[in-house]
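Thanks for coming, everyone. Let me put the structure up, and then we can walk through it.

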Amino acid sequence: MRRCSPSLLFWGSVLLLYIAATPNLPLASAKKWLSHICENTIKIEKSTTAKCSEFYTKVLEGYFLNRTASELTKVTTSELQRKLLQWQKLPASSPLCVFTKHELKKTESCCDGFEGDKCEIPVCYPPCRNGGTCDEPNECTCRSDFGGYRCEDRISDVSHSMGYCYSGSHCFGEKAKHKQNIVYTYADCCQGNAASSWGLTNSKCIACEITGNSTAKDVVKKAHALPFATCRNFGPYSYRTFDGVLYDFSGNCKYTLAVKPGLWSIDLTIQNCSRLETCKKCIPTERFPRQCINKFQEQTAIRMCSSIKSHKFVRCHMKVNVNHWFDLCVNYVCNADINADEALQAGICRIFSAYALECSNEGVIVQWRTQELCPNQNLH
């Protein structure tokens with residue numbers, strides 16, 4: 001019998017406990033739990049006018065002297081200090097000053113990637129083409145005869161000898177420089193070093209040969225033109241093999257990730273392996289199944305992970321498929337202990353950071369961290 005983890009049981013009971021504790025919860029408030037409305041913190045400026053003699057009192061209240069609004073910009077700092085002391089001793093002679101302070105205010109607005117009066121409309125930028133629909137933020141669902149990042153690729157134009165020419169390694173996103181959105185032969189596509197792959201998104205994909213001084217192609221035979229030859233394990237169940245294929249499985253066994261007989265090996269050991277079902281490797285898939293136990297938990301996870309699909313990473317989206325990392329984030333939140341808030345946020349930030357690193361490997365550097373989103377503690 002499969003046993004649920006305490007965190008999953010906790011998630012499953014949260015919504016029931018909340019509803020039971022608030023029997024008169026308005027319908028609008030109940031819908032908000034399952035909507036795409038997020039609480040944001042913004043910085044607002046608050047000003048007040050008082051006698052300049054009250055300077056020290058206002059400073060204790062969190063204000064600072066707004067020298068521009070008080071028309072004191074031409075007064076030197078030493079002269080201003082002398083005047084403030086004089087005005088404090090003789091308040092009747094004090095003119096008026098403007099004091100300002102910054103406050104943080106919580107507001108509600110559409111989560112990243114959504115718009116509309118009810119925040120119900122997902123946004124895709126650039127927009128979907130050729131009749132494709134934007135069903136999730138920055139994710140187009142294409143008609144059966146089109147494919148690609150924004151449904152720009154006509155599938156019927158692709159054959160065994162003709163394909164699209166991509167700048168990225170996985171036949172995804174933007175086309176190679178100076179290559180229009182038409183099909184080319186492999187030779188015409190990969191001539192020079194502008195293109196990295198040839199084929200069709202989510203279908204056949206052949207890496208362009210690496211030329212020049214790079215020896216990466218001699219390290220291992222790859223299905224995709226990665227700029228290096230590595231395997232990777234990220235989190236408890238995300239793997240990438242040497243050929244660039246992504247896998248998602250939560251096994252409990254010992255796995256050999258790489259080996260050179262007689263010299264070295266890289267092993268990953270997970271305890272308590274008891275059944276074949278928990279040890280076998282799943283086949284690679286375009287999307288990973290969601291591991292959330294109810295709609296409330298899933299929508300909460302989607303909101304917490306929505307930034308990775310926002311404009312902050314839009315340049316990444318054209319190079320590295322964001323769906324894998326978004327699903328990884330959603331499943332991480334759904335399996336996490338929401339009581340451990342700092343650890344949960346740190347885990348989300350690690351996923352965002354890993355996605356940004358993948359993009360940097362494709363030549364795209366994004367400045368995605370802000371004071372509100374995963375601030376870098378090492379920068380001041």
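One definition before we start: buried means under 20% relative accessible area, exposed means over 50%, and partly exposed is in between, with a 1.4 Å probe and protein chains only. This is a predicted model, so to speak of local features we need pLDDT of at least 70, and side-chain atom pairs count only at pLDDT 80 or more, while totals for chains, interfaces and linings use all residues. Residues are numbered from 1 along each chain as its sequence is written, and side-chain values use heavy atoms, with hydrogens and water left out.

Aromatics next. Rings of Phe, Tyr and Trp (its six-membered ring) pair if their centres lie within 6.5 Å; planes under 30 degrees apart count as stacked, over 60 as edge-to-face, and the rest as tilted. How many aromatic pairs does a search of the whole structure find? Eight. Take F55 and Y56: their ring centres are 5.0 Å apart and their planes are at 80°, so this pair is edge-to-face. F55 counts as buried, because its relative accessibility is 17%. Y56 has 38%, so Y56 counts as partly exposed.

Y186 and W198 also form an edge-to-face pair, with 5.7 Å from centre to centre and 85° between the planes. That pair links distant parts of the chain: Y186 is in helix α5 (residues 186-190) and W198 is in strand β11 (residues 197-199), twelve residues apart. Helices (H or I, at least four residues) and strands (E, at least two) are DSSP runs, numbered from the N terminus. Is Y186 buried or partly exposed? Partly exposed, at 27% relative accessibility. W198 is buried, at 3%.

F313, W325, F352, Y355 and W368 form one aromatic cluster.

W325 takes us to helix α8, where W325 is one of the buried residues. The helix has 13 residues (322-334), and at 1.5 Å a residue they should span 18 Å; the end C-alpha atoms are 18 Å apart, which agrees. The expected span here is 1.5 Å times one less than the number of residues. Why call α8 largely enclosed by the rest of the structure? Because twelve of its 13 residues are buried. At the start of α8, a side-chain oxygen of N321 reaches to within 3.0 Å of the backbone nitrogen of N323.

F326 is also among the buried residues of α8. The charged end of K309 sits over the ring of F326, 4.5 Å from its centre. The rule: NZ of Lys or CZ of Arg is within 6 Å of the ring centre and within 35 degrees of the ring normal. K175 does this with Y164, at 5.4 Å from the ring centre.

Now the sheet. An open sheet of three strands has the order β1-β3-β2, with antiparallel pairing. Its edge strands are β1 (37-51) and β2 (64-65), each pairing on one side only. Two strands pair if DSSP finds at least two bridges between them. β1 and β3 (residues 96-110) are joined by 15 bridges. For T48, the bridge partner in β3 is F99.

Last, two loop residues. S53 is in the loop between β1 and α3 (55-60), and S53 is buried at 15%. Y125 lies between β5 (121-122) and β6 (133-136), and Y125 is exposed at 57%.

How values were computed: A polar contact is a pair of N or O atoms within 3.5 Å; within protein, one must be able to donate a hydrogen and the other to accept it, and residues adjacent in sequence count only if both atoms are side-chain atoms.
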